[in-house]
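Here are some notes to read alongside the model. Please keep the structure open while going through the points.

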Amino acid sequence: MINFYFAYEYVHDEILKSVERGEVDEEGFLLSEKGYCRRFDVSLTTVRRALQHLKEEGIVEKIKGKGTRLSRLVRR
């Protein structure tokens, strides 16, 4: 069967995998949006959409001027 993926879904899933592997800094911050753009070779809009979905799922929280980090519910 063929899997059809939108780019933001792929980025979303890959970010989730990296979180599960513990690829966040000691304060729970993820890579920057531009860092994900370079890592996945996608647009800023695609990364923001993926992060927005993670935020809606309660996995991350965005902090203005700081970045995106794991929500308190997810952090250990």
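**Aromatic rings and helix packing**

1. F40 has a relative accessibility of 14%, so F40 counts as buried, the cut-off being under 20%. Bear in mind that this is a predicted model.

2. Y36 is buried, as is F40.

3. How many aromatic pairs does a search of the whole structure find? The search gives 3. One of them joins Y10 and F40; the ring centres are 6.0 Å apart and the planes stand at 85 degrees, so this pair is edge-to-face. The cut-off for that label is over 60 degrees.

4. Y10 is in helix α1 and F40 is in helix α2 (residues 33-40), so their pair ties together parts that lie 30 residues apart in sequence. Y10 has 38% relative accessibility and therefore counts as partly exposed. Through ring pairs, Y10, Y36 and F40 are linked into a cluster.

5. Now for the helices. Two packed helices are described by the angle between their axes and the distance between the axes. For α2 and α3, the angle is about 115 degrees and the axes are 9 Å apart. The two helices are therefore roughly perpendicular to each other, a label that covers 65 to 115 degrees. The crossing of α2 past α3 is right-handed.

6. Which residues of α2 and α3 meet? On the α2 side they are E33, Y36 and C37, and on the α3 side L44, V47, R48 and L51. Sorted by class, this contact has 5 nonpolar and 2 charged residues, and no polar ones.

7. In the contact of α1 with α3, the α1 residues are A7, Y8, V11, H12, I15 and L16, which meet T46, R49, A50, L51, H53 and L54 of α3. These residues divide into 8 nonpolar, 3 polar and 1 charged.

Terms used:
Residues numbered from 1 in each chain as written. Predicted model: local features only at pLDDT ≥ 70, side-chain atom pairs only at ≥ 80, totals over all residues. Heavy atoms only, no water. Contact = heavy atoms within 4.5 Å. Helix = DSSP H or I, 4+ residues; strand = E, 2+ residues; numbered from the N terminus. Nonpolar A, V, L, I, M, F, W, Y, C, P; charged D, E, K, R; others polar. Phe/Tyr/Trp six-rings, centres within 6.5 Å; stacked < 30°, edge-to-face > 60°. Buried < 20%, exposed > 50% of the residue type's maximum accessible area, 1.4 Å probe, protein only. Axes fitted to C-alpha atoms, helices over the stretch in contact; angles between N-to-C directions. Parallel < 35°, antiparallel > 145°, perpendicular 65-115°, else oblique. Left-handed = near helix turned anticlockwise from the far one by under 90°.
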